[in-house]
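The exercises below concern backbone geometry and solvent accessibility. Work through each task before reading its solution.

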Amino acid sequence: MHSLPVNLVLTVLTVFLTSPAQVIGYRPYPPKTNGSDQIFDASKKFEGSSNLVRLRYHMGPVLTNNITVHPIWYGTWQKSQKKIIREFINSISAVGSKHPSVSGWWKTVQLYTDQTGSNITGTVRLGEEKNDRFYSHGKSLTRLSIQSVIKSAVTSRSRPLPVNPKSGLYLLLTADDVYVQDFCGQVCGFHYFTFPSIVGFTLPYAWVGNSAKLCPGVCAYPFAVPAFIPGLKPVKSPNGDVGVDGMISVIAHEIAELATNPLVNAWYAGPDPVAPVEIADLCEGIYGTGGGGSYTGQMLNDHSGATYNVNGIRRRYLIQWLWSHVVSYCTGPNALD
């Protein structure tokens, strides 16, 4: 993952500015169509099973080195909110979690390889973090100003984040009073890579926003429901924070796609690398058996009535399933156990 040539950066920058949704932004509800919609056949027993999906490898790098996630906390965050997200990241590689587990869900990601046949790593750990409590770039961010926030984090005079293009993953998390370009309308999160002309390095990154105040019915579904669907009741969030519990599935979505398509030239379906359909996009809205359309699928409930589908180290979470190119259907946690 070396820095890209200047002429390529300028070309990508032009496309980035003119395209509405680069590296398909995650939106948990309602599920979007993509030209490769899942077709269910009576003989198919697995969610999203389809002969029409053409997920291909385009020879780019994937994250085979141990992944270190560097959160950038933009805006005001409570300690309890940070703890929920930190423990999810640490659960990706945790051993001994109760089934179904976050680590079992990650096994689908590990099936993907690069051109040498090396699999994506099974080790994802929480790295150094950066706080941006004073909204250094304001409370309304564009896609390019997001990269400027990341630049500030890696070039700060005080405890800058380490620069690691080969295994670092930079996760910008915006508080519930921050608006990001296309947030709530088209995206709840997205991933891309930084431009050397802005940041100084080519770094895989993702942005995910807290939708609690702006659009919980769109980006925190099913813990909140859209106002345009009368009679639909939300489910209880597993960690008591609708905005953050909604973020967890988006974070999972983006980390899985960053691992398999960090520079937008590895694993994706469709003809357009600017707006690829990736391993989580193909299973959008599917959280359990029977999922599809506007139905999330069968989920679990704990003793308090909270809804989840995976166990972490000390918490439970609700995250969407992922596409397995080996078997060509959406797989859930521990499907490979």
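**Exercise 1.** Is S328 buried, partly exposed or exposed?

Solution. The model is predicted: local features need pLDDT of at least 70, side-chain atom pairs count only at pLDDT 80 or more, and totals for chains, interfaces and linings use all residues. Residues are numbered from 1 along each chain as its sequence is written, and side-chain values use heavy atoms, with hydrogens and water left out.

Step 1. Buried means under 20% relative accessible area, exposed over 50%, and partly exposed in between (1.4 Å probe, protein chains only).
Step 2. The relative accessible area of S328 is 28%, so S328 is partly exposed.
Step 3. S328 lies in the loop between strand 15 (322-324) and strand 16 (329-331). Helices (H or I, at least four residues) and strands (E, at least two) are DSSP runs, numbered from the N terminus.
Step 4. Although S328 is not a glycine, its phi is positive, at about 60°.

**Exercise 2.** Where is V264 placed, and why does V264 count as buried?

Solution.
Step 1. The loop between helix 6 and strand 10 (267-269) holds V264.
Step 2. V264 counts as buried because its relative accessibility is 9%.
Step 3. The phi of V264, a residue other than glycine, has a positive value near 65°.

**Exercise 3.** Which residue is joined to P222 by a cis peptide bond, and what is omega for the cis bond from H99 to P100?

Solution.
Step 1. Y221 is joined to P222 by the cis bond, with omega about 10°.
Step 2. P222 sits in the loop between helix 5 (216-219) and helix 6 (242-260).
Step 3. For the cis bond from H99 to P100, omega is near -10°.
Step 4. P100 belongs to the loop between helix 2 (79-91) and helix 3 (102-110).
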